[in-house]
Amino acid sequence: MDKKVKVGLVGVGGMGGCHFQNYENVKDAELVAVCDVRDDVARKKVGDKNIRIYSSLEKMLKNEKLDMIDICTPSYLHKDMTLKLINDYHVLCEKPMTLNAKDAKKISDAARASKKNFMVAHVVRFMTPYEVLKKEIESKELGKLIRLDMKRISAMPRWSWNNWMMDEKLSGGVTTDLSIHDLDFVQSVLGMPDKIDAYRYVKEENDTILTTMIYGETLVTCEGTWYNYSVPFQAEFIAVFQNGCVKLDNGVLYVNGEEYKKVEPVTEEVDLGINVGNDDGYFKEIQYFVDCIVSGKQPGRVTPESSARSVLLADMVKKKAKLVSKK
Ligand SMILES: NC(=O)c1ccc[n+]([C@@H]2O[C@H](COP(=O)([O-])OP(=O)(O)OC[C@H]3O[C@@H](n4cnc5c(N)ncnc54)[C@H](O)[C@@H]3O)[C@@H](O)[C@H]2O)c1
């Protein structure tokens with residue numbers, strides 16, 4: 001491909017805004033159009049840039065010649081939008097792929113049958129600390145992984161359009177919306193667990209899912225929490241190996257106690273209003289997807305099957321989860 005990949009972005013709310021600002025640095029791609037049902041939000045985001053604005057996906061598709069669509073709409077829209085686009089456009093879709101395993105399988109099958117590329121934007125797989133952790137687990141340089149404890153904490157997400165994120169039927173709740181980041185990472189590196197246990201604690205609008213997973217002799221835990229007060233977003237992990245430790249603590253990565261090189265954000269620090277940190281992963285995932293299109297390769301770092309497995313894992317966790325809080 002000798003021309004730039006022409007991109008249309010659907011949904012320019014919190015995460016769409018984050019993708020939007022990253023396109024400025026992505027090579028070989030040009031964001032030519034955005035669409036959002038909220039005209040004012042789209043106009044504010046686009047400002048005086050030469051990017052066309054539409055009020056619906058249909059209007060954008062009718063008026064533009066696009067190569068790639070980036071879906072950043074609420075999660076309950078991912079399935080229908082993806083299935084509509086998948087045979088005619090390269091599709092990058094925000095996580096979660098969709099809200100249940102049955103629909104995820106439908107998308108994964110359709111993506112595999114299509115000649116176009118499809119990838120779920122599982123950004124954690126592209127964040128440097130997690131790339132380092134994956135490398136350490138797979139290389140076994142520190143010996144076998146004994147324990148992995150992952151945590152993801154946010155304020156209750158009250159900032160979404162029409163408050164869709166607070167409705168578990170629309171967002172999948174704390175498991176499928178938030179904890180899926182870590183469940184997906186674990187699943188992508190270690191596969192499906194031998195055994196799962198989970199606890200859900202919901203009290204005074206604080207919502208926690210705590211998952212324990214057994215892989216042979218390795219114990220993995222993932223906590224996802226939405227707190228009912230204003231906490232800054234926090235993601236951390238500690239991985240204990242036979243001969244060492246990798247730890248992400250307050251944004252700093254340590255390998256055997258030594259600080260790993262600091263990762264500089266790719267874009268300017270901007271408050272996106274969705275309580276997520278600025279991270280190189282957002283740029284890297286988009287650049288990777290564009291590079292795959294340009295080189296005619298399928299995005300092997302996040303396959304449709306693997307994303308569907310993460311939705312399945314989230315479903316299994318929800319099914320297993322014992323509600324331990326009392327009303
Ligand atoms: N990767 C991450 O770190 C991360 C973080 C937050 C959210 N997300 C995901 O990103 C997606 C969007 O979440 P968000 O926080 O940006 O939500 P949001 O509510 O802030 O933004 C959604 C946007 O979609 C628009 N929209 C709604 N229906 C539409 C339609 N039919 N056509 C076009 N636009 C439409 C809304 O007006 C809104 O601007 C979700 O799937 C969410 O899970 C990912």
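**Reading a predicted model: exposure, loops and helix packing**

Colleague: Where is Lys140 found, and what is its phi?

Modeller: Lys140 sits in the loop between α6 (128-139) and β7 (145-155). Its phi is positive, about 60°, although Lys140 is not a glycine.

Colleague: What can be said of Asn163?

Modeller: Asn163 is not a glycine, yet its phi is positive at about 60°. The loop that holds Asn163 runs between β7 and α7 (168-171). With 12 other C-beta atoms within 10 Å, Asn163 is exposed.

Colleague: Which residues does the cis peptide bond join?

Modeller: The bond joins Lys95 and Pro96, and its omega is about -15°. Pro96 belongs to the loop between β5 (90-94) and α5.

Colleague: May we turn to the chain as a whole? How many helices and strands does the chain have?

Modeller: There are 10 helices and 15 strands in the chain. The C-alpha trace spans about 55 × 45 × 40 Å along its principal axes.

Colleague: What share of the contacts comes from residues 24 or more positions apart?

Modeller: Counting contacts with a separation of 6 or more, 71% are between residues 24 or more positions apart.

Colleague: How are two packed helices described?

Modeller: One gives the angle between their axes and the distance between the axes. Here, helix α4 (residues 78-85) and helix α5 (residues 101-113) have axes that come within 10 Å and cross at roughly 15°. Angles under 35 degrees count as roughly parallel, and α4 and α5 are therefore roughly parallel to each other. Their crossing is left-handed.

Colleague: Which residues make the contact of α4 with α5?

Modeller: From α4 come Lys79, Thr82 and Leu83, and from α5 come Asp103, Ile107 and Ala110. Three of these residues are nonpolar, one is polar and two are charged.

Colleague: How do α5 and α10 pack?

Modeller: The axes of α5 and helix α10 (residues 304-320) lie 9 Å apart, at an angle of about 180°. Angles over 145 degrees count as roughly antiparallel, so α5 is roughly antiparallel to α10. On the α5 side the contact includes Ala104, Ile107, Ser108 and Arg112, and on the α10 side its residues include Pro304, Ala308, Leu312 and Asp315. By class, the contact has eight nonpolar, one polar and four charged residues.

Colleague: How far is Arg112 from Asp40, in sequence and in space?

Modeller: The two residues are 72 residues apart in sequence and 37 Å apart in space, taken C-alpha to C-alpha. Asp40 is part of helix α2 (residues 39-46). Because Asp40 has 8 C-beta neighbours inside 10 Å, this residue counts as exposed.

Definitions and conventions: Residues are numbered from 1 along each chain as its sequence is written. This is a predicted model: local features need pLDDT of at least 70, side-chain atom pairs count only at pLDDT 80 or more; totals for chains, interfaces and linings use all residues. Helices (H or I, at least four residues) and strands (E, at least two) are DSSP runs, numbered from the N terminus. Two residues are in contact if their C-beta atoms, placed from the backbone, lie within 7 Å. Axes are lines fitted to C-alpha atoms, for helices over the stretch in contact, and angles run from 0 to 180 degrees between N-to-C directions. Angles under 35 degrees count as roughly parallel, over 145 as roughly antiparallel, 65 to 115 as roughly perpendicular and the rest as oblique. A crossing is left-handed if the near helix is turned anticlockwise from the far one by less than a right angle, and right-handed if clockwise. Ala, Val, Leu, Ile, Met, Phe, Trp, Tyr, Cys and Pro count as nonpolar, Asp, Glu, Lys and Arg as charged, and the others, Gly among them, as polar. A residue is buried if 20 or more other C-beta atoms lie within 10 Å of its own, exposed if 12 or fewer, and partly exposed in between; C-beta atoms are placed from the backbone.
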